[in-house]
Amino acid sequence: MTPAMLESVAARFKVLAEPARLQVLQALKGGPQHVSALMAMTDLNQANLSRHLQVLHLHGFVTRRRQGTFIHYAIADARVFALCDLMCEAVSRPRSATVRATA
């Protein structure tokens with residue numbers, strides 16, 4: 001990988017390193033939602049949620065479209081859940097099993 005590609009990958013992982021953003025992605029797993037619904041699903045206040053949605057949108061994790069006075073957000077690429085599933089599986093394994101699997 002080129003240095004530029006490594007920087008891009010690292011930036012995307014950094015976006016996913018925030019638990020609230022993972023929570024937002026999980027809330028969108030069932031389909032597009034507007035901000036009010038996401039607030040109810042995540043217990044994030046509007047300012048905090050909007051900040052996280054902006055970061056997720058900027059890095060290509062979510063799309064948005066306006067419908068009247070509402071902005072609906074959706075997952076841009078469902079493959080992000082494969083990455084999340086992989087990490088959840090690794091985290092749920094006993095530590096010794098993870099070390100043996102990578103050795």
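Arg93 is partly exposed, with a relative accessible area of 30%. Here buried means under 20% relative accessible area, exposed means over 50%, and partly exposed lies in between, with a 1.4 Å probe and protein chains only. I will come back to Arg93 with its salt bridge.

First, the ground rules. This is a predicted model, in which local features need pLDDT of at least 70, side-chain atom pairs count only at pLDDT 80 or more, and totals for chains, interfaces and linings use all residues. Residues are numbered from 1 along each chain as its sequence is written, and side-chain values use heavy atoms, leaving out hydrogens and water.

Now the overview. The protein has six helices and three strands. These are DSSP runs numbered from the N terminus: helices are H or I with at least four residues, strands are E with at least two. Along the sequence, the pattern reads α-α-β-α-α-β-β-α-α. The C-alpha trace spans about 55 × 35 × 20 Å along its principal axes. Of the 103 residues, 27% count as buried. What share of the contacts with a separation of 6 or more comes from residues 24 or more positions apart? That share is 48%. Contact means heavy atoms within 4.5 Å.

Next, the sheet. It is open, with three strands in the order E1-E3-E2, and the pairing is antiparallel. E1 and E2 stand at the edges with a single partner strand each, so one side of each has no neighbour in the sheet. Two strands count as paired if DSSP finds at least two bridges between them.

Take E1 with E3. E1 covers residues 33-34, E3 covers residues 70-75, and two bridges join them. Gln33 has Tyr73 as its bridge partner in E3. For His34, the partner in E3 is His72.

Now E2 with E3. E2 is residues 62-67, and six bridges pair it with E3 in the antiparallel sense. Arg65 also takes His72 as its bridge partner in E3.

On to helix packing. H2 lies across E1, E2 and E3, running at about 95 degrees to E3. Axes are lines fitted to C-alpha atoms, for helices over the stretch in contact, and angles run from 0 to 180 degrees between N-to-C directions.

How do H2 and H3 pack? H2, residues 19-28, and H3, residues 35-42, pack at about 115 degrees with their axes 10 Å apart. From H2, the contact uses Gln23, Val24, Ala27 and Leu28; from H3, it uses Leu38, Met41 and Thr42. Five of these residues are nonpolar, two are polar and none is charged. The classes: Ala, Val, Leu, Ile, Met, Phe, Trp, Tyr, Cys and Pro are nonpolar, Asp, Glu, Lys and Arg are charged, and the others, Gly among them, are polar.

Two residues deserve a look. Ala20 lies in helix H2 and is buried at 10% relative accessible area. Leaving out residues up to four places away in sequence, Ala20 touches Leu44 and His52. Ala20 and Gln67 are 47 residues apart in sequence and 25 Å apart in space, C-alpha to C-alpha.

Is His52 buried or exposed? His52 is buried, at 2% relative accessible area. His52 sits in helix H4, residues 46-58. Beyond its neighbours within four places in sequence, His52 contacts Glu18, Ala20, Arg21 and Leu44.

Last, charges. How many salt bridges does a search of the whole structure find? Two. The criterion is a side-chain nitrogen of Lys or Arg within 4 Å of a carboxyl oxygen of Asp or Glu. One joins Asp77 and Arg79 at 2.6 Å, N to O. Asp77 is partly exposed at 31%, while Arg79 is exposed at 63%. Glu89 and Arg93 form a salt bridge too, with the closest N and O atoms 3.5 Å apart. Glu89 is partly exposed, at 45% relative accessibility. And that brings us back to Arg93, partly exposed at 30%.
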